[in-house]
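Hi,

Here is the structure I promised to pass on.

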Amino acid sequence: MILISYWDLLTLSFLVFLLGGVLWLNGFSQVKQLWWATLRMAAQLLFMGVWLSWVFYAENVLWVVLVGLVMLSAAGYEISKRQQYRLNKFHGVWIGLLALSFTSLMLLIGVLVFVIQPEPWYQPQYLIPLLGMLLGNSMTSIGVGLDTLTRSAVQLKAKIEAQLALGKTAKQSMQFIKEQSLHAAMIPVINMLVAAGIISLPGMMTGQILAGADPAEAVKYQIMIMLLIATSTGLGTLIAIEIASRRLFDDRQRLQLDVLSKA
Amino acid sequence: MKTKCMTASATIDSANTTVELLKVSKLLTTGVLKPVDLTIQAGQLWILSGISGTGKSQLLKAIADLIPHTGQAWLNGQAQADVCAEQWRQQVMYFAAETAWWLDTIMEHFVENPSSQQLEALGLEQSILQKHPDSCSSGEKQRLALLRGLAFNPKVLLLDEITANLDPESTLKVEIFLQHYIQTPLSQSEQTSSALQNKGAARAILWISHDVQQHQRLAHPELQLVLNK
């Protein structure tokens, strides 16, 4: 692999600096944000590079667990942050965490133990990148699914209550919204699967190929990760939607929208 | 969502021979200013009126157990809390002022298609069942929502200004239809008691209406309840 130096990066960053100037001359007012975001990106990634090489080197299960937990809670927090209507108390973050751990985490452990079988199974070089990819994708889908669910429940309150009034159960009355939420969450995943290999060259594969891996081998890894992503996003969304829609009703099957607060 | 419905044991017991069909005691919910006591007998049609903001709709929703409330309600002597929610609502049914439809055709909302006599009695065409809810007028939907609910054969109808969007002629049709509905004895399969068989009527209505003429047409002054500030 051909290495690039920090000087190369510094030179390249001059591109974004120039871009900011050009955009500013054309009336773009968020130049500062652009520069700041670029700086943040570089700092975060550099920090992660140092941190990860340290965790890889240490090969201590505790560090791996710690990194995993940080990634998991950040994903759970991001899910709740992206909701227009949030479930009160801890439930917003908690639902996301539960859905993520039941799918991404379980699938990851399963695939490490039974498929890839590194020695030891928690070897950070495999565990952390895979976890990152599963979490990133699941997080987006779960976020979209939950957001659609709660937003629809608020907007379509009359349609839910009309069904309750006819003696339908809470579950039955939420069915049409559940379908919409699953649809909204799964469409991007299906699009990703369709585009892979024709329109987009997936990031993981690209990385491996750049690092000198055989493209045929890189493709196998990519297919595996795609299968995992599809499964974990679908199941994760289903779990999150199920828990959240239960929380919208009380023990007498009454719609209680006051558990939601507008962000 | 915890309550599981035990169909056999939780079915509301229509064998009970109390004259009171629906009894409401000290019912209070947000928007209702004073606790409400009410006893409705089978065959009765009550009118509920009062200026806006006195919680009339809230009261009906609370009786149907659609919103949290304090106080108690009984149907045929059986307490609301002892019956699972969906069964209570099928017997004590709330009809909203603004109807809501969640599927693509009117027909899909019905558990069984309304008979042509029913449609005709309310001045509706058979073909309306194939339409999309958005392409029906609010007055048509109001009458369709009534039939949609009546398919479950509720004992008490809680009507929230359901003729507000109707022309005078259709309003009269709905009134006659509903008066007939509460006077009709329960079908053979529903009759478990000889006492009810003799009495005939086994249903009742509590109707929010602002139309004074409608009050006169439908209910005795003593069956008119006014909610005040």
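The buried residues of α5(B) are Glu140(B), Lys141(B), Gln142(B), Arg143(B), Leu144(B), Ala145(B), Leu146(B), Leu147(B), Arg148(B) and Gly149(B). Buried here means that 20 or more other C-beta atoms lie within 10 Å of a residue's own, exposed means 12 or fewer, and partly exposed is in between, with C-beta atoms placed from the backbone. That makes 10 of the 13 residues of α5(B), so the helix is largely enclosed by the rest of the structure. The cover includes β6 (92-95), α4 (116-121) and α6 (168-183) of chain B. Contact, by the way, means C-beta atoms, placed from the backbone, within 7 Å. Helices (H or I, at least four residues) and strands (E, at least two) are DSSP runs, numbered from the N terminus.

Before I go on: this is a predicted model, where local features need pLDDT of at least 70 and side-chain atom pairs count only at pLDDT 80 or more, while totals for chains, interfaces and linings use all residues. Residues are numbered from 1 along each chain as its sequence is written, and chains are lettered from A and ligands numbered from 1 in the order in which they are written.

Next, the sheet in chain B. Four strands form an open, antiparallel sheet in the order β2-β1-β4-β5; strands count as paired if DSSP finds at least two bridges between them. At the edges sit β2 (36-41) and β5 (78-79) of chain B, each pairing on one side only. Strands β1 (residues 20-28) and β4 (residues 70-75) of chain B run antiparallel and are joined by 5 bridges. Leu28(B), for one, has Thr70(B) in β4(B) as its bridge partner.

You'll find Ile47(B) in strand β3 (residues 45-49) of chain B, and it counts as buried because it has 25 C-beta neighbours inside 10 Å. Leaving aside neighbours within four places in sequence, the contacts of Ile47(B) include Trp207(B), His215(B) and Leu223(B).

Finally, where the chains meet: 20 residues from chain A and 22 residues from chain B take part in the contact. On the chain A side, α6 (157-165) and α7 (170-195) each supply at least two residues, and α6(A) gives the largest share, 7 residues.

Cheers

Notes:
Contact = placed C-beta atoms within 7 Å.
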